[in-house]
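Thanks for coming, everyone. Please bring the structure up on the screen, and we will walk through it together.

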Amino acid sequence: MATLKIDGFSKKEIEQSRKIIEDGDRFECENVVAADFMNRGMVDLMVMGSVYKKATGIFGREEKIKDLVVARIFRQINHKGRAAMSTKSTEGEVAFKEQGDIVGMFRGAQPMVLDFNGNRQLDLLGKKYMSENEMDNLEQDQAAQKRQKESGSSVFYSTATSTGDGTGFIHEYIEGETKFCELAQPHFSSVVDLNGDCVPDIFLHCVDNTFELWLNDGKSNFTLYSRNKISLSNSNDEIGQISFADINADGSLDMVYPVCNDKECRLEIVYNNQLPLCKNSYSGFSKECRTLAQVCMQNNKFSFDFEKVSLVV
Ligand SMILES: [Ca+2]
Ligand SMILES: [Ca+2]
């Protein structure tokens with residue numbers, strides 16, 4: 001049984017914790033994201049978790065379905081819809097639909113919640129779930145690969161985008177020329193402009209401290225640009241959240257992340273080697289730096305410089 005409780009805060013006191021959702025006994029809740037997924041000015045709940053195979057036979061035991069993460073949205077409802085759908089609640093309390101709507105099934109890591117295409121609606125970035133059989137078929141059977149490709153389901157990552165009118169989600173799939181990597185758990189992937197053309201690209205945080213950079217041509221066609229590994233000096237080191245910011249103010253986004261071991265934590269900065277902004281030139285064109293006219297010019301000769309800077313914090 002998966003149960004979710006919510007504590008309501010008011011100016012006077014903390015309202016008593018109360019159960020708002022009870023789910024079936026074949027779902028194990030692992031994460032909850034509270035956000036306005038349906039773009040209605042109301043906070044909905046996205047619940048992610050594992051599901052279990054139904055037991056077979058008298059002595060059968062339920063088994064977790066390997067690597068499957070299901071994301072469901074429990075929509076907040078207003079009091080007009082309360083009688084039909086909500087849990088019992090009194091006036092003034094928040095109410096949610098009792099049944100969650102499945103918005104995506106993902107393999108391995110939980111999807112990240114972000115605004116993928118900049119339309120102010122939240123999307124999900126994760127690895128599309130395929131069963132073991134589907135995976136085997138795809139690996140071994142060229143005809144199956146072709147069928148998958150033709151049916152548009154050969155892609156490995158998907159976003160679920162809110163329709164914005166509160167009616168549901170549409171699924172868009174990111175086509176890649178080749179397989180995407182296995183995502184780290186948890187993964188700190190990002191949608192950021194890496195090659196300077198002002199069009200967001202994809203940074204995927206993969207297993208074993210590796211990452212992939214996928215460039216977006218502006219029409220949502222993604223091409224693998226590079227695969228790299230973040231080297232760590234100590235075998236006990238662990239990487240935390242990877243973020244992007246223009247640390248050295250040269251106009252390109254750099255990588256920054258904490259690394260911790262059992263003794264200390266430090267911040268590591270990896271600079272994006274990219275054509276820098278010009279310091280004094282405001283017009284015309286230059287090969288050494290970007291003038292104002294070249295600010296959104298694509299430059300695919302960039303790389304992250306792993307002669308990195310470390311700051312002990
Ligand atoms: Ca770009
Ligand atoms: Ca920079």
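Start at Glu 212: it stands opposite Arg 227 in strand E17. Leu 215 stands opposite Thr 223, also in E17. The two strands involved are E16, residues 210–216, and E17, residues 222–229. They pair in the antiparallel sense over seven bridges. Pairing here means that DSSP finds at least two bridges between two strands. Strands are DSSP runs of E, at least two residues long; helices are runs of H or I, at least four; both are numbered from the N terminus.

A word on what you are looking at. This is a predicted model, where local features need pLDDT of at least 70 and side-chain atom pairs count only at pLDDT 80 or more, while totals for chains, interfaces and linings use all residues. Residues are numbered from 1 along each chain as its sequence is written, and chains are lettered from A and ligands numbered from 1 in the order in which they are written.

Back to the strands. E16 and E17 form a hairpin with five residues between them. In the turn, Gly 218 has a positive phi of about 95 degrees. Now widen the view.

Asn 209 is in the loop between E15 and E16. Its phi is near 60 degrees, positive in a residue other than glycine. Asp 67 has a positive phi too, near 65 degrees. Asp 67 is in the loop between strand E5 (63–64) and E6.

Is Ser 189 buried or exposed? It counts as buried, because it has 24 C-beta neighbours inside 10 Å. The cut-offs: 20 or more other C-beta atoms within 10 Å is buried, 12 or fewer is exposed, in between is partly exposed, with C-beta atoms placed from the backbone. Ser 189 lies in the loop between strand E13 (169–174) and strand E14 (190–192). Beyond four places in sequence, its contacts include Met 112, Leu 125 and Phe 203. Contact means C-beta atoms, placed from the backbone, within 7 Å. Pro 186 is in that loop between E13 and E14 as well. The peptide bond from Gln 185 to Pro 186 is cis, with omega near -5 degrees.

Next, the core. A nonpolar core is a set of buried Ala, Val, Leu, Ile, Met, Phe, Trp, Tyr and Cys residues joined through C-beta atoms within 7 Å. The largest one has 33 residues, and Met 46, Ala 71, Phe 203 and Leu 204 touch the most other members. Its largest share, five residues, comes from E6. Where does this core lie relative to domain 1 and domain 2? Domain 1 (1–84 + 91–179) and domain 2 (181–312) both give residues to it, so it lies between them. Those bounds come from an automatic or database domain assignment. A second, separate core has five residues, among them Met 255 and Phe 304.

Last, the whole chain. There are three helices and 22 strands. Buried residues make up 23% of the 313.

Technical notes
Contact = placed C-beta atoms within 7 Å.
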